[in-house]
Amino acid sequence: MDELAKKKCKPCEDDGFPAYTPEQAADMMAHIPEWKLSVDARTITRSFPFKDFKGALEFANRIGKLADEEWHHPDLIVAWGRVEALLTTHSIKGLSENDFIMAAKIDLLLEE
């Protein structure tokens, strides 16, 4: 995870930037063991528990700040006692290294 968290997300909007294959995505999961890979290997998700809504909202706002800094934005669900994050690279309709970088950086937010 540490190596991924040190990287920066890179734009991948052109056609020459393919999505990870299911095998590549599965290999990357070793770096972010708390996350779950979707059956179609196009998204990764993680649920973060909190004691209340305020804690969940504060964490979601920290993810938002990070996402703006990295120019890679997860889908978030904020609810009482939890934040759910879903990552995918919409422009390539699948996963890229950026998704795994963001997941590793989001995990580090818990340690702060």
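Reply: Happy to! Patches are made of residues with over 30% relative accessible area and no salt bridge, joining like charges within 9 Å and nonpolar side chains (Val, Leu, Ile, Met, Phe, Trp, Tyr) within 5 Å. Areas come from the Shrake-Rupley method with a 1.4 Å probe, where only the protein chains shown count as cover for residues; a salt bridge puts a side-chain nitrogen of Lys or Arg within 4 Å of a carboxyl oxygen of Asp or Glu. This is a predicted model, where local features need pLDDT of at least 70, side-chain atom pairs need 80 or more, and totals for chains, interfaces and linings use all residues. Residues are numbered from 1 along each chain as its sequence is written, and side-chain values use heavy atoms, without hydrogens and water.

Me: Which residues make the nonpolar surface patch?
Reply: The patch covers about 460 Å². H3 and E3 each give two or more residues to it; helices (H or I, at least four residues) and strands (E, at least two) are DSSP runs numbered from the N terminus. Its members are Phe53, Leu57, Leu76, Val78 and Trp80.

Me: Is tryptophan 80 buried or exposed?
Reply: Tryptophan 80 sits in the loop between E3 and E4. Buried means under 20% relative accessible area, exposed over 50%, and partly exposed in between (1.4 Å probe, protein chains only). At 63% relative accessibility, tryptophan 80 is therefore exposed.

Me: In what order do the four strands form the open sheet?
Reply: Strands pair if DSSP finds at least two bridges between them, and the pairing here is antiparallel. E1 (36–37) and E3 (75–79) each have a single partner strand, so they stand at the edges. The order is E1-E2-E4-E3.
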